[in-house]
Amino acid sequence: MQNFIFISPNFPTNYWQFCRELKNDGMNVLGIGDQPYDELKPELKDSLNEYYKVGSLENYDEVYRAVAFFAFKYGRIDWLESNNEYWLERDAALRTDFHITSGFQTEDMPRIKYKSKMKEYYKKAGIAVARYHMVDDFDGCKAFIKQVGYPVVVKPDNGVGASDTHRLASDEELKAFLDYKAANHPDVSYIMEEFVHAEVNSYDAIIDASGNPIFEAGNVSPMSIMDIVNNDDNSIYYIIKDLPEDTRAAGRAAVKSFGVKSRFVHFEFFRMTENQASMGKKGQIVALEVNMRPCGGFTPDMINFARSTNVYKIWADMIAFGGTDMPVGEHYYCPFAGRRDGKNFVYSHEQIMQKYQKNMKMVDRIPDALSGAMGNQMYVATFATREEMEQFYADVLAVTDGDAAAAQAELSQVLALGEPTTKALTPKPDLSPVVKPTTAVTKTPTRAVTKTGRRSRK
C-alpha cells in the first residue's frame, strides 16, 4: 500500500474529496494540519487513515517531525502534496528532505513560483509574454514606463493570486507605490509589467507521470481579480463549455516547457481584447502565470458540474494507477456569480432561487477570508447555451441604482468576447432583467441546493 501525506487536508474545505478518492483507490492517506482533529469535517475524518496535528503549519520543524513520525510508523512515503499554492515551496522542501521523488523539489521552485522566471519557459513554449521590469527606484521604473506607457501592473514576483497587486496610471501613483513598498515591504521583490487589455482564460488539466493530459477543461474570467478586489465589485467567471483549441495548445506546450508530471494544474493566459503591438492582435493568447495546483476555491466542483465527471477521482486515479476510467459526460457552461453585500439588487435571493432552481448547483455565503476576490453570496449553476448563462448573469447582478444602465452595459461588454472558436451569437441576448419581481415568491433555503457529492459533484 502506498503512503500519501496530504498537507492541510481541511483547507480549502472541499479538499477532503481528494483524500476520499485516494483512500477509495487503496492509498494510505495521512493528514497533517493545524486544526484540532475533533473539529475536522466528518467526511475528512472518514477519508484519512491517520491525522497528525501540529501547532502551526508555518513551523517547518513541527511539520518535518510529523512527516518523520509517519515515515517511522508506515515506512517509505510515496507522495506528499497539499494541492495548495501557499504551501508549494513547503511541499517541495519536505519532498527534498525526505527523498520523495514523485513531485517538485526545492530546485524546481524558481521557475514555477517567480513570475519573472516563468516568462523564460513560456517563451520556450512559443507563447507571447508581457514586457516587464523588476521594481527598483523611480528613475528605473520610469525608464520602463517610457517604453510601455501607463498603466502598468505591479505585484510581488513570488506572490499568491492577486494579493498585493497594484495598477499604476500616473507618476503620482508610482511614487505612492514606491513609498508603500519602502514602508511595508522593503525586502519583497516586485515585478512591473505592461498592462494587457484582456480577459483571463485558464487551462485546467490533470497531467500523468509521462507529462500527458488525461483531463482538460478551462475557465474564463471576464473581469480581473485585481479589479474585483480593488473596486469591491461583484465577481464573475465561468467554466467554458468546450475548451478552445488555442487554449488547449498553449496549455499543452506550457506543460512540456515547465516539465509538469503527476499534477493537477491551473495555467492562466490573457486573451487580448484589443490589438497591442508588443504582443499581438485581439483574441491572441498571451502568458499570464502558471499555478502548479488545482484551480482555486470551488472551481474543481464547477468543473465537475460542467463536465458531468469527478476531477477529484480522476486526480486520485492518476496518483494510484497512472490513469483513470472515470467517464466525462455532457458538457455545460458553469457560471459563478459572487454578489457583493451592500448593493441594491433588482432580484432578491429568493427570486433568483425561484427562477433558476433547476439550474442551481451550489449556493452559499462565502467565507470572509475569500470574499475579497469572490464576493459575499455565491451562486453556481449550469446552462446548455451561452445565451442562458448571460441571462443568468444579467438577472443575478442587476441593480436598481442610478447607474444600473451603465452596470448592465459594462456586463454586456465584459461578456462580449466569448469563445474564439465559435461564431457570434445571433441575436445577442437582451442583458436586462427579464422577470418582474413578485411578492408571491417561494423561499428556497440556501442550503437546500445540491451539495458536494457525486455525479461528479464536489
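Which residues do ring pairs link into a cluster? They are Phe-4, Phe-6, Tyr-15, Phe-18, Trp-79, Phe-264, Tyr-312 and Trp-315. This is a predicted model, in which local features need pLDDT of at least 70 and side-chain atom pairs count only at pLDDT 80 or more, while totals for chains, interfaces and linings use all residues. Residues are numbered from 1 along each chain as its sequence is written, and side-chain values use heavy atoms, with hydrogens and water left out.

**The chain as a whole**

- The protein chain has 16 helices and 17 strands; these are DSSP runs numbered from the N terminus, with helices being H or I of at least four residues and strands being E of at least two.
- Of its 458 residues, 55% count as buried (buried means under 20% relative accessible area, exposed over 50%, and partly exposed in between, with a 1.4 Å probe and protein chains only).
- Among contacts in the chain with a separation of 6 or more, 68% are between residues 24 or more positions apart; a contact means heavy atoms within 4.5 Å.
- The accessible surface of the chain is about 19,500 Å², and carbon and sulfur atoms hold 50% of that (Shrake-Rupley method with a 1.4 Å probe; for residues, only the protein chains shown count as cover).

**Aromatic pairs**

- The structure holds 30 aromatic pairs. Rings of Phe, Tyr and Trp (its six-membered ring) pair if their centres lie within 6.5 Å; planes under 30 degrees apart count as stacked, over 60 as edge-to-face and the rest as tilted.
- One of them joins Phe-70 and Tyr-74, which is tilted because the planes stand at 50°, with the ring centres 6.1 Å apart.
- Phe-70 and Tyr-74 are 4 residues apart in helix α3 (residues 60-74), so about one helical turn separates them.
- Phe-70 is buried at 0% relative accessibility, whereas Tyr-74 is partly exposed at 28%.
- Tyr-122 and Phe-258 form an edge-to-face pair, with 5.5 Å from centre to centre and 80° between the planes.
- This pair links distant parts of the chain, 136 residues apart: Tyr-122 belongs to helix α6 (residues 115-124) and Phe-258 to helix α10 (residues 245-258). Both Tyr-122 and Phe-258 are buried.

**Arginines to look at**

- Arg-111 places its charged end over the ring of Tyr-121, 5.9 Å from the ring centre. A charge sits over a ring if NZ of Lys or CZ of Arg is within 6 Å of the ring centre and within 35 degrees of the ring normal.
- Arg-167 lies over the face of Phe-195, 4.9 Å from the centre of that ring.
- Arg-95 is in helix α4 (residues 88-97) and is buried, with a relative accessible area of 2%.
- Apart from neighbours within four places in sequence, Arg-95 is in contact with Leu-80, Glu-81, Ile-100, Gly-103, Phe-104, Gln-105 and Arg-263.

**An open sheet and its helices**

- Four strands make an open antiparallel sheet in the order β5-β8-β6-β7; two strands pair if DSSP finds at least two bridges between them.
- β5 (132-134) and β7 (166-168) are the edge strands, each pairing on one side only.
- On average, neighbouring strands of this sheet are turned by 25° against each other, direction ignored. Axes are lines fitted to C-alpha atoms, for helices over the stretch in contact, and angles run from 0 to 180 degrees between N-to-C directions.
- Strands β6 (residues 152-156) and β8 (residues 190-194) pair in the antiparallel sense over 5 bridges; Val-152 has Glu-194 in β8 as its bridge partner.
- Helix α6 packs on the sheet, where it touches β5, β6 and β8, and its direction makes about 50° with that of β8.
- Helix α7 (residues 138-148) lies across β5, β6 and β8 and runs at about 20° to β8.

**Backbone points worth a check**

- Most residues other than glycine have a negative phi, and most peptide bonds are trans.
- Phe-11 and Pro-12 are joined by a cis peptide bond with omega about -5°; Pro-12 is in the loop between β1 (3-7) and α1 (16-24).
- A cis peptide bond also joins Tyr-150 and Pro-151, with omega about -5°, and Pro-151 is in the loop between α7 and β6.
- Asn-83 has a positive phi near 55°, lies in the loop between β4 (79-81) and α4, and is buried at 2% relative accessible area.
- His-99 has a positive phi of about 55° in the loop between α4 and α5 (109-113), and it is exposed at 60% relative accessibility.
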